[in-house]
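I opened this entry to record what I looked up, in the order I looked. The sequence and the model come before the notes.

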Amino acid sequence: MKKPLVVITGASSGIGEAAALKFSQEGHPLLLLARRLDRMEALDLPDTLCRKLDVTDLQSFQTALEEAEDQYGPTDCLISNAGILRLGKADVQDPQEWQQMFNINVLGLMNGIHLVLAGMRQRRSGTLINISSVAGRKNYMNHAGYCGTKFAVHAISEGIREEVADDNVRVVTIAPGIVETEILDHTTCAEALQDYRDYKKEIGGGISSADTAEAIWYTYRQPQNVCIREVVLAPTRQQ
Ligand code: NDP
């Protein structure tokens, strides 16, 4: 039987890329979205549309979704994964970094949800999978802005889950600890970066994107009447 469309934001690297590989392997047609189109196209996955997108751009988001749904049918699962991490102390961190984090991690996530949710409610079926973090459950040094965005993702997920439960739509929050990806590449604060890297080394490194994608897949592959509300997975030695 033909499998339904899965949409993944931030599919050009890390967790999003690993999820794309996993869901494609399981036979789903995909819409992959991120700014680095070449990285998504290089995956060369079957039944997959790749579109260059900044998740903060609602209009382009809608256009890409319409194109994919024309081709593959309605979105059955949206994995809202696009996100950035900028570390620093509140008195020295450039406020633009907080703005970028909130725009992408929070408002970008809400854009996608806004666009697919009405259809899911109407069909009385669908799954929203939101990639938050353990930093959405507890604070870490130099993470005030980032934790703010991820606490928001947890709150938004659970708020929407309560709103749509009666329409048989599932909302899942995935909260990984340290995952080995490119996420640290853009942090500008050298001291915060060094602290993070030292801690990662001390605990024997992060978990893999592939292991994280397996957890995402596990939540999705349950029957529609089973909603795994939250998964927290982290390196065993991480606090
Ligand atoms: P990566 O940096 O490897 O991936 C981030 C992805 O987000 C990229 O594909 C990037 O694509 C995309 N992205 C960033 N900004 C935008 C934007 N404006 N519009 C569209 N796409 C965007 O990091 P991870 O895989 O680690 O991060 C994925 C998610 O996992 C994030 O939400 C992160 O907060 C979360 N997470 C990561 C953890 C970790 O330790 N790595 C731990 C817990 C949670 P491009 O630049 O091409 O647009």
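**Overall layout.** I counted seven helices and seven strands in the protein chain; helices (H or I, at least four residues) and strands (E, at least two) are DSSP runs, numbered from the N terminus. I read the order of the elements from the N terminus on as β-α-β-α-β-α-β-α-β-α-β-α-α-β. The radius of gyration of the protein chain is 17 Å, close to the 18 Å from the globule rule for 239 residues, so the chain is as compact as a globular protein of that length. The radius is taken over C-alpha atoms, and the rule is 2.2 Å times the number of residues to the power 0.38. Along its principal axes the C-alpha trace spans about 50 × 35 × 30 Å.

**Ground rules.** I noted that this is a predicted model, in which local features need pLDDT of at least 70, side-chain atom pairs count only at pLDDT 80 or more, and totals for chains, interfaces and linings use all residues. Residues are numbered from 1 along each chain as its sequence is written.

**Ligand shell.** I found 31 residues around the ligand, the closest being Gly10, Gly14, Arg35, Arg36 and Gly83. A residue is near a molecule or strand if its C-beta atom, placed from the backbone, lies within 6 Å of it. By class I noted 14 nonpolar, 13 polar and four charged residues in this shell. Ala, Val, Leu, Ile, Met, Phe, Trp, Tyr, Cys and Pro count as nonpolar, Asp, Glu, Lys and Arg as charged, and the others, Gly among them, as polar. Helix 1 (14-25) and helix 4 (95-123) each supply at least two residues of the shell. Helix 1 gives the most, with three residues.

**Helix 1 and helix 7.** Next I followed helix 1 to helix 7 (residues 209-220); their axes come within 8 Å and cross at roughly 55°. Axes are lines fitted to C-alpha atoms, for helices over the stretch in contact, and angles run from 0 to 180 degrees between N-to-C directions. Helix 1 and helix 7 are therefore oblique to each other. Angles under 35 degrees count as roughly parallel, over 145 as roughly antiparallel, 65 to 115 as roughly perpendicular and the rest as oblique. The residues of helix 1 that meet helix 7 include Gly14, Ala18 and Phe23; two residues are in contact if their C-beta atoms, placed from the backbone, lie within 7 Å. I noted eight nonpolar, three polar and three charged residues in the contact of helix 1 with helix 7.

**Helix 4 and its neighbours.** How far apart are the axes of helix 4 and helix 5 (residues 144-164)? I found 9 Å, with a packing angle of about 15°. Helix 4 and helix 5 are therefore roughly parallel to each other. Among the residues that meet here are Trp98, Met101 and Phe102 in helix 4 and Tyr146, Thr149 and Lys150 in helix 5. This contact divides into 14 nonpolar, three polar and three charged residues.

I then looked at helix 3 (residues 58-72), whose axis comes within 10 Å of that of helix 4 and crosses it at roughly 45°. Helix 3 and helix 4 are therefore oblique to each other. Leu58, Phe61, Gln62 and Leu65 in helix 3 meet Asn111, Gly112, Leu115 and Val116 in helix 4. This contact has five nonpolar, three polar and no charged residues.
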